Amino acid sequence: MTTNEQIAQMKKPSVVSAEEWQNAWQEMLVKEKELTRARDALAAARRRMPWFAVEKEYVFDGPQGKASLLDLFDGRRQLVLYRAFYDSNVYGWPEHACVGCSMCADQVSHLSHLHARDTTLVYASRGSQENIATLKQRMGWDAIPWYTITDDFDKDFGVDEWHGHNVFFRDEHDKVFRTYWVNSRGDEAMGSVWSYLDVTPLGRQERWEDSPEGYPQTEPYKWWRWHDAYGKEDAKWSNVVDNATVLLNL
């Protein structure tokens, strides 16, 4: 907690009228919109990154036994795999995973929204499944699929010494490709539905996005559901979105 003495020593901004504050906010909003458009453009460029074919056969341990990299997709088209450090040489073992990786796990949003966009998120560490199961239960991470790395996967994909998200795509022949990689400070922002989808090759799959020809896209907002209502048509929600589009000029 900061103390009053610390706050007193701060060089604070000027205090202005409501009108001046509103004008200052409008100026900042212009910059924020520029950043939003730049982020959209970056995601569009990311979707045009070349792919790397994963030919090596990797083996993970999972709750149901051995699993290949393809198995980790769980039948979906895209896979985001976070290398979390929960190993015997990590501070806090075995009660805790790496402090930073634990923060990342704490901010993972409800996975049903990713699943609705054909995307699977998994975590992978070198800890045993027995230890991982205990960790997940203690920390409230039961919803996160968490596998044990048994081979050189982490070394081959740049996450043997530091955490990171690797992104993979499964094509129509079940061939697996590495499409992107996020590490270091880029990992800090990961956790929301949008942060995950923006690093995938298909993106958010909404019509406003600048994606290559033939990429799946639907109307924005209309695919959203309560997390326990995916798979159900909801005509009333579509009407709400249509009305909001008029009112908000989305």
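**Notebook: cores and helix α6**

I looked up the largest nonpolar core first: of its 29 residues, Val 108, Leu 114, Leu 121, Tyr 123, Trp 146 and Tyr 196 touch the most other members. A nonpolar core here is a set of buried Ala, Val, Leu, Ile, Met, Phe, Trp, Tyr and Cys residues joined through side-chain atoms within 4.5 Å. Buried means under 20% relative accessible area, exposed over 50%, and partly exposed in between (1.4 Å probe, protein chains only).

The model is predicted; local features need pLDDT of at least 70, side-chain atom pairs count only at pLDDT 80 or more, and totals for chains, interfaces and linings use all residues. Residues are numbered from 1 along each chain as its sequence is written, and side-chain values use heavy atoms, with hydrogens and water left out.

I then listed the contacts (heavy atoms within 4.5 Å) of Tyr 196. Leaving aside neighbours within four places in sequence, Tyr 196 is in contact with Val 80, Val 108, Leu 114, Leu 121, His 165, Met 190 and Gly 191. Another core, of 17 residues, lies apart from the one above; Ala 67, Phe 153, Phe 157 and Phe 168 are among its members.

Next I checked helix α6 (residues 129-139), where Gln 129, Ile 132, Leu 135 and Lys 136 are buried. They are on the same side of α6 because they cover an arc of only 120° around the axis, taken from the directions from the helix axis to the C-beta atoms. Helices (H or I, at least four residues) and strands (E, at least two) are DSSP runs, numbered from the N terminus. The face turned away from the buried side of α6 carries exposed Glu 130 and Gln 137. I found β2 (59-62) and β6 (146-149) included in what covers the buried residues of α6.
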